[in-house]
Amino acid sequence: MKGVWVGLSLLAVAGLATGCGGSADGGQSGSGSVPANAVKVNVQASNWKWTLDQTTFKVGVPVDFRVQATEGAHGFSIAGTNINRTVAQGQDPVDVVWTPDKPGTYTIQCSVYCGTGHGTMQTQITVTP
Ligand SMILES: [Cu+2]
């Protein structure tokens, strides 16, 4: 776990990115668990693919996946981690916060059976040191 804290120096860099948000999400209350320095990434789940704003992240920098289903109901999960969240069409975006602690390639996959394309509903993201 000690390696995680080496990444803290990177947080200052991530802080710069949060300044350009200004999205019209109308003051989400109750998002207190999202770190202020998290990198915000819009994620759309549809039949049957994931669409992400950004796919490369840094070790130690929290990522706030704002997951929304535009079609159907899906499970946003990252293989090899404990990230797993169900989202359904018509719901507000769900904040899923993940702080990667190891560089590498990770697979986002659907964890809720959603039809014929379920098995291939995957996309890859990269975490750099
Ligand atoms: Cu599925």
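Two strands count as paired if DSSP finds at least two bridges between them. Strands themselves are DSSP runs of E, at least two residues long, numbered from the N terminus.

This is a predicted model: local features need pLDDT of at least 70, side-chain atom pairs count only at pLDDT 80 or more, and totals for chains, interfaces and linings use all residues. Residues are numbered from 1 along each chain as its sequence is written.

**View 1. The five-stranded open sheet.** The strand order is β3-β9-β8-β5-β6, with mixed pairing. β3 (56–58) and β6 (84–88) are the edge strands; each has a single partner strand, so one side of each lacks a neighbour in the sheet. From one strand to the next, the twist averages 25° (axes are lines fitted to C-alpha atoms; angles run from 0 to 180 degrees between N-to-C directions).

**View 2. The β8–β9 pair.** Residues 104–110 (β8) and 122–128 (β9) pair antiparallel over six bridges. Gln109 has Gln122 of β9 as its bridge partner.

View 3. β1 (39–46) pairs antiparallel with β2 (49–52) over four bridges. Trp50 in β2 is the bridge partner of Ala45.

**View 4. Surroundings of Ala45.** Contact means C-beta atoms, placed from the backbone, within 7 Å. Leaving out residues up to four places away in sequence, Ala45 touches Trp50, Val67, Ala69, Thr70, His74, Phe76 and Val87.

Conventions
Two residues are in contact if their C-beta atoms, placed from the backbone, lie within 7 Å.
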